[in-house]
Amino acid sequence: MKTPKELRKDIHALRTSVEAIINTLQEKAGKAEQPTWGIGKDCNKAAESLRSILKNNIIPEHYKVAVVGRFKAGKSAFVNELLQAKLAGENTSPETAAITSFSYGDKVKAVIKFVDQESWQKLINLYQEDPSHIDAHRLKMWQSFEGKERRNSDGELIEKFDLSALEKVHVKPGGHSIEIELDKQGDPKSENNFRRKIKEYTTGSRPQHCLVESIEISAPSKLLNQGVLLIDTPGLDDTERFRVALTEKAVEDVDAVLFLTQSGAAYGQSEKDFMLTLLRRGTVKQLIFVITQVDKTYEQHLKNAEFDDEEPESLLKRIEREELRIRNEIKLTLDELGTEDSSAMRHYREQLGVIGLAFTSAQKHRDWKKGEKVRHPIYADDPGGIENMQRQLLELLSTESRLSLIARNIASGTKSALDDLLGITENRLTAISSIQDGEEAERRLQNFRQEFNTVWAQFQSAATSEVVLLRKTLEVAKEKNINIIETIGLLAERELAEFETLDVGKHWRTKRSGNWGYMVGLQRRVANRIFPRVQQMLSDMTSEFAVFVEHFEKHLKSLSYQSNKLSDKLDLGASVPLDLTKTLTQSLDKSIDTANDLVTSEEQSIISFLDNFVTDEVADKISDVRDKVTGIWGRGTTATQTIEVRRFYLEIKTLLRDALEEHINHRCDSFGGFLALTANEVPEKAQSEVLAALANAEQDIKAAATARIGGQREKFEEDCNDIRTAAEHVFSNCEPFIDTFIESQHSAVIKEETKKVDNSSNLIWRDKSEGDSWIDNICNAATVTVERYSLDDGSTGWPFSRIFSTNLLTGSLRIALVDPYLAVPHQFRNLKEFLLLAAETSKPKEIVVITSDKWEERKSVNGQSIKDITHDIFHDFGTTLKIKIDPLIHDRYVVCDHGVLFKLGRGLDIYKPATGLASHRPSNRKVRRTEIDVFANNEWIVSKETE
């Protein structure tokens with residue numbers, strides 16, 4: 001795996017090569033001697049496409065990594081260990097009162113930026129209008145320091161806060177900043193002085209922190225040198241709401257979130273809310289759960305064991321227990337929203353199930369770096385677990401960051417554009433060489449076009465019917481959604497009821513001041529409560545779109561077949577290099593990939609912005625309702641106040657429910673229209689590709705007829721060779737970012753140099769009966785490499801049918817799957833897909849599934865489903881299914897009794913959580929990085945060679 005820095009370097013090299021070929025294409029297109037049948041227009045088209053790809057995929061300056069957690073989670077100590085320097089304050093009081101970012105620099109320097117005068121005045125105005133508004137809370141905090149003093153432990157006056165003087169110094173037009181440099185890196189005294197100076201502007205005990213916009217610290221850190229921008233945030237449970245808002249804002253556009261929680265501490269509500277927000281916004285895949293201060297909880301365990309005169313558990317065992325507890329708490333976070341087995345809930349459970357966990361101890365890491373002996377290390381070669389966590393982070397940045405996505409976009413888009421251009425040049429060169437009679441070729445092409453128009457009209461009619469059917473289906477779904485949206489409205493009312501209870505319970509003096517009814521964070525809480533149900537509605541609509549795609553695919557294949565048949569009938573291939581089958585296949589692949597990206601993006605956009613359902617108009621109405629009841633606080637009893645508060649919330653309840661339902665209705669209607677529009681564009685795209693292919697064929701014929709004039713053929717061939725050479729250089733730069741699928745010759749043609757391997761010790765399944773000895777026999781005998789698959793992270797086009805192909809499975813009467821991880825929902829889904837594929841492909845008499853005792857943990861949930869599968873495959877294919885448990889297995893493979901062995905690096909668990917169209921089409925799912933090797937015995941090899 002490449003490091004983030006290497007990835008960035010490769011992307012810059014790729015961009016440079018793309019820019020170079022754009023210049024080459026423009027040069028070829030602008031040649032004065034370019035013949036009319038040449039490829040000038042095609043070069044311009046490719047160059048424009050490449051320019052668009054580069055324009056839409058700008059390389060971000062940094063990998064942004066946010067460090068988030070509650071107060072006392074050990075964020076600052078953790079950050080210091082990551083930076084290999086003690087730059088962040090580690091006091092027990094809240095010290096991170098502003099967003100602090102760390103980036104690479106040759107020396108340690110802090111730049112403290114203050115709020116500009118214009119923004120500060122806006123806060124003053126907002127506070128005067130609405131003192132309880134969350135955005136004005138910073139000013140409220142600022143004013144709370146008026147007249148306060150700081151004294152030392154002896155009671156001596158250190159500082160008396162003069163807010164007006166501080167404001168004059170730090171708040172200026174256009175903003176203001178100061179710089180603080182570290183005098184001597186590595187010197188404790190210098191570092192302590194550096195932190196002390198910064199603390200003057202970050203600690204919550206001084207008013208200056210209210211004026212700070214951001215703090216930027218540069219340092220020569222190994223991690224930062226990877227291009228990482230590390231962002232230290234205030235605590236999630238900070239009592240100052242404006243600082244919590246800063247944290248939520250900081251994680252909206254990051255590549256990774258390091259979510260710190262203290263070892264042994266309960267998983268609190270602030271952490272649950274934050275986790276749900278990440279899940280709803282689709283960024284939970286960029287999360288690493290970091291458990292800090294493992295040393296403290298383990299030392300406490302040792303003391304307790306000694307006090308109780310018991311044998312203490314190992315640190316590894318304690319970590320295993322804590323990991324199980326944390327994962328259960330993470331799971332319960334979603335279960336609180338509902339336990340139904342909908343596809344949306346399964347999708348979100350899968351996302352939560354793959355969150356990375358890292359156990360750390362800053363103290364153990366610090367002692368280890370000093371060369372001191374560390375008792376009870378987390379890892380033998382990494383006592384504090386910090387190095388392991390960094391490896392997790394760097395791997396995540398290399399695969400899930402914005403930069404990795406940009407790399408894939410540039411590489412795949414570039415390759416597609418150049419493949420199209422090279423296809424045109426190859427066809428034209430072929431035509432120039434092979435077409436001897438231009439008039440005859442033109443006549444045959446004309447005949448083909450005339451007869452193809454009839455076939456195309458039939459296809460177009462069928463495609464139009466499918467679009468119409470989809471529109472009708474989406475209209476039915478719209479009616480079905482009405483009841484679901486009403487239920488969603490009731491869920492939202494529960495969140496509002498909590499605010500009502502809180503305001504009713506406030507003291508009469510608090511209510512008299514009017515400090516109630518602001519419902520801070522309500523929209524976010526509502527969104528985090530309802531998003532799985534909204535996602536289910538969108539997913540149901542997307543599934544209808546997937547049905548359309550499936551039908552369209554069949555119509556397109558039929559069109560392709562008719563095209564081939566017509567071409568053979570007219571003997572077109574002998575005259576014109578026209579391959580409409582290839583054109584239509586490529587058009588379908590591009591259309592589906594584009595549709596998948598668009599649908600995924602649209603779904604996520606709707607879910608991410610569910611917390612924007614209160615429009616300005618609704619907000620004004622809420623303010624008007626609040627103003628009606630503010631006059632009761634001059635006199636009156638608590639009972640009177642309570643009646644008015646409840647009356648306020650009764651009216652607000654209707655306003656918010658209507659606003660929410662209108663928002664969801666509008667977004668779902670828009671999504672349905674978007675799907676219909678996308679469906680309409682799929683056949684239009686196919687038509688455009690076909691017309692372009694036919695137009696190119698006409699140009700090929702024209703080229704064949706005129707290329708010999710004035711040596712134009714030689715010049716054309718020279719241009720084509722130059723383009724091909726330049727493209728090959730670009731392709732080499734694309735390779736690191738595109739699925740580098742490595743595949744040996746098909747098993748029917750085995751190369752002589754095929755590597756022999758010893759599989760005799762691969763099978764470690766211990767609980768075997770006599771009837772299963774065939775598994776050992778096949779594993780020992782399957783020593784010839786038949787296929788080798790290398791799946792790159794994030795690549796698509798890897799359904800199980802590609803890996804467990806018909807060629808490899810056919811003829812097997814018994815199949816064994818050995819995989820210890822088949823318990824959780826997405827793993828069980830993969831198991832079902834494999835069982836149905838294996839049963840349908842080879843119709844074996846028996847399939848044996850051997851898995852670990854984790855299966856028993858989910859037996860009550862998966863039991864009925866496995867009974868249904870057992871019945872289905874026996875009824876449809878005559879296949880018997882057996883489940884066997886072995887708690888000691890850890891390898892993963894599939895064994896077929898006709899002599900084939902699949903060694904599965906990750907077992908069946910190769911897919912990332914799918915969204916959009918990929919949720920309904922396995923070939924569109926993204927995979928995790930892994931390798932799969934296929935071996936066979938000599939008997940199977942011989943049987944294939946004789947077929």
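Ser 608 is buried, with a relative accessible area of 12%. The model described here is predicted.

**Ser 608 and its surroundings**

- Ser 608 belongs to helix α19, which covers residues 580-608.
- A polar atom of the Ser 608 side chain lies 2.8 Å from the backbone oxygen of Gln 604.
- When neighbours within four places in sequence are left aside, Ser 608 is in contact with Arg 280 and Arg 281.
- Ser 608 counts as buried because its relative accessible area of 12% falls under the 20% limit.

**The pair Arg 318 and Glu 313**

- A salt bridge links Arg 318 with Glu 313, and the closest N and O atoms are 3.1 Å apart.
- Arg 318 is partly exposed, at a relative accessible area of 33%.
- Glu 313 is also partly exposed, with 21% relative accessibility.

**The pair Arg 444 and Asp 571**

- Arg 444 and Asp 571 meet through their side chains in a salt bridge, with an N to O distance of 3.5 Å.
- Arg 444 lies in helix α16 (residues 438-504), while Asp 571 lies in the loop between α18 (522-569) and α19, so the pair ties together parts that are 127 residues apart in sequence.
- Arg 444 is buried, with a relative accessible area of 18%, whereas Asp 571 is partly exposed, with a value of 40%.

**The pair Arg 925 and Glu 833**

- The side chains of Arg 925 and Glu 833 form a salt bridge with an N to O distance of 2.6 Å.
- Arg 925 is placed in the loop between β17 (900-904) and β18 (930-936), and Glu 833 in helix α26 (residues 825-842); the pair therefore ties together parts that are 92 residues apart in sequence.
- Arg 925 counts as buried, at 4% relative accessibility, whereas Glu 833 is partly exposed, with a relative accessible area of 24%.

Terms used: Residues numbered from 1 in each chain as written. Predicted model: local features only at pLDDT ≥ 70, side-chain atom pairs only at ≥ 80, totals over all residues. Heavy atoms only, no water. Helix = DSSP H or I, 4+ residues; strand = E, 2+ residues; numbered from the N terminus. Buried < 20%, exposed > 50% of the residue type's maximum accessible area, 1.4 Å probe, protein only. Polar contact = N/O pair within 3.5 Å; in protein donor to acceptor, adjacent residues only side chain to side chain. Contact = heavy atoms within 4.5 Å. Salt bridge = Lys/Arg side-chain N within 4 Å of Asp/Glu carboxyl O.
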